[in-house]
Amino acid sequence: MSTLAIQNLHKSFMLNNQENKVLDGISLTLADNEFVSIVGMSGCGKSTLLSIAAGLEDFDAGDVTVDGVPIDGAGMDRGVVFQAYTLLPWLTALENIEFALKAAGKKGKECREIALEHLDLVNLSAFAGAYPTELSGGMKQRVAIARALSYRPKILLMDEPFGALDAMTRRQMQELLTQVWEAHRLTVMFVTHDVEEAVYLSDRIVVMGAGYIKETIDVPLQRPRFDGMSDLPEFLDIQRHVLGMIRHNAAAHA
Ligand SMILES: Nc1ncnc2c1ncn2[C@@H]1O[C@H](COP(=O)(O)OP(=O)(O)OP(=O)(O)O)[C@@H](O)[C@H]1O
Ligand SMILES: [Mg+2]
């Protein structure tokens with residue numbers, strides 16, 4: 001649907017009166033409908049990069065454009081899903097999605113229809129009337145994903161969205177996300193610590209060092225992805241290579 005281009009991005013935070021360079025000239029283009037994961041050691045700047053792309057954090061120098069147009073803060077062209085559940089606790093699952101749709105300018109009846117359709121997409125139709133406290137972690141995250149997809153953003157930005165989930169639920173969510181992505185196609189930036197997850201989901205994996213891009217790795221595995229794929233030698237080869245790159249970085253950093 002859309003291209004996200006980041007060019008020569010620089011970002012520093014002040015720490016104890018000292019400039020802490022967090023992003024030091026990052027250039028990265030996510031092509032139309034491309035699924036790109038960002039991996040790298042803790043603190044290397046992944047979340048900062050994603051927050052800048054979301055328009056939730058400003059930057060010191062560089063360009064961030066969507067289809068050639070510079071971003072101006074957050075916008076409905078970009079959907080965001082974070083690790084922490086960000087549902088509004090006083091609204092039901094359905095109302096949480098409707099709320100986002102209203103903010104996107106959709107009208108009452110249409111909001112309900114689209115919200116129900118997206119709850120169905122994440123297999124939560126039966127929980128439309130449930131409040132966040134009545135949902136499990138995985139269910140809340142499914143609502144958050146349904147919400148982010150409901151207003152049809154061109155770009156989906158996800159920061160460790162499955163980080164808080166147990167292994168089984170995480171696997172189910174990965175499958176759900178690939179199914180949704182393979183059916184609807186949109187441009188995705190996905191931050192994760194889980195290299196297997198990155199290989200399973202992505203077209204391309206970006207390995208970051210502290211503030212810079214160390215390497216970009218193509219994932220030429222067949223789609224649709226299938227259960228058991230992560231046991232294939234070609235899958236394991238890519239996984240090993242990415243892990244090696246991250247470890248190499250960590251060693252150099254230490
Ligand atoms: N609001 C902030 N103020 C000051 N420093 C910050 C802020 N946000 C991030 N940083 C610093 O920027 C660096 C990168 O942080 P960031 O959260 O982007 O890392 P990350 O790669 O997402 O790490 P993790 O894998 O642990 O989530 C860290 O050194 C962090 O201390
Ligand atoms: Mg982070």
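**The ligand site and the sheets around it**

Modeller: An N or O atom in the side chain of Lys46 lies 2.7 Å from an oxygen atom of ligand 1, a polar contact in the sense of a pair of N or O atoms within 3.5 Å (within protein, one must be able to donate a hydrogen and the other to accept it, and residues adjacent in sequence count only if both atoms are side-chain atoms). This is a predicted model, in which local features need pLDDT of at least 70 and side-chain atom pairs count only at pLDDT 80 or more, while totals for chains, interfaces and linings use all residues; side-chain values use heavy atoms, with hydrogens and water left out. Residues are numbered from 1 along each chain as its sequence is written, and chains are lettered from A and ligands numbered from 1 in the order in which they are written.

Two further contacts belong in this picture: a polar side-chain atom of Thr48 is 2.5 Å from an oxygen atom of ligand 1, and a polar backbone atom of Gly43 is 2.8 Å from an oxygen atom of ligand 1. On its own, ligand 1 has 640 Å² of accessible area, of which the protein covers 62% (areas by the Shrake-Rupley method with a 1.4 Å probe; for residues, only the protein chains shown count as cover).

The shell around ligand 1 holds 13 residues, and Ser42, Gly43, Lys46, Ser47 and Thr48 are the closest; a residue is near a molecule or strand if one of its heavy atoms lies within 4 Å of it. By class, four residues of this shell are nonpolar, seven polar and two charged, where Ala, Val, Leu, Ile, Met, Phe, Trp, Tyr, Cys and Pro count as nonpolar, Asp, Glu, Lys and Arg as charged, and the others, Gly among them, as polar. At least two residues of the shell come from each of strand 2 (18–30) and helix 1 (46–54), and helix 1 gives the most, with three residues. Helices (H or I, at least four residues) and strands (E, at least two) are DSSP runs, numbered from the N terminus.

Four strands form an open sheet in the order 2-1-4-5, with antiparallel pairing, two strands being paired if DSSP finds at least two bridges between them. Strand 2 and strand 5 (69–70) are its edges, and because each has a single partner strand, one side of each is left without a neighbour in the sheet. Ten bridges join strand 1 (residues 4–15) to strand 2 in the antiparallel sense, with Leu4 having Leu30 as its bridge partner in strand 2. These two strands form a hairpin with two residues between them, where Asn16 takes a positive phi near 50°. Asn33, in the loop between strand 2 and strand 3, also has a positive phi, of about 70°, although it is not a glycine.

Helix 1 lies across strand 1, strand 2 and strand 4 (61–66), running at about 120° to strand 1; contact means heavy atoms within 4.5 Å, and axes are lines fitted to C-alpha atoms, for helices over the stretch in contact, with angles from 0 to 180 degrees between N-to-C directions.

A second sheet is open as well, with six strands in the order 6-7-8-3-9-10 and mixed pairing. Its neighbouring strands are turned by 20° against each other on average, direction ignored. Within this sheet, strand 3 (residues 35–40) pairs in the parallel sense with strand 8 (residues 187–191) over four bridges, and Ser37 has Phe190 as its bridge partner in strand 8. Helix 1 packs on the sheet too, touching strand 3, strand 6, strand 7 (155–159), strand 8 and strand 9 (204–209), and its direction makes about 150° with that of strand 7. Helix 4 (residues 137–150) touches strand 6 and strand 7 of the sheet, with its direction at about 175° to that of strand 6.
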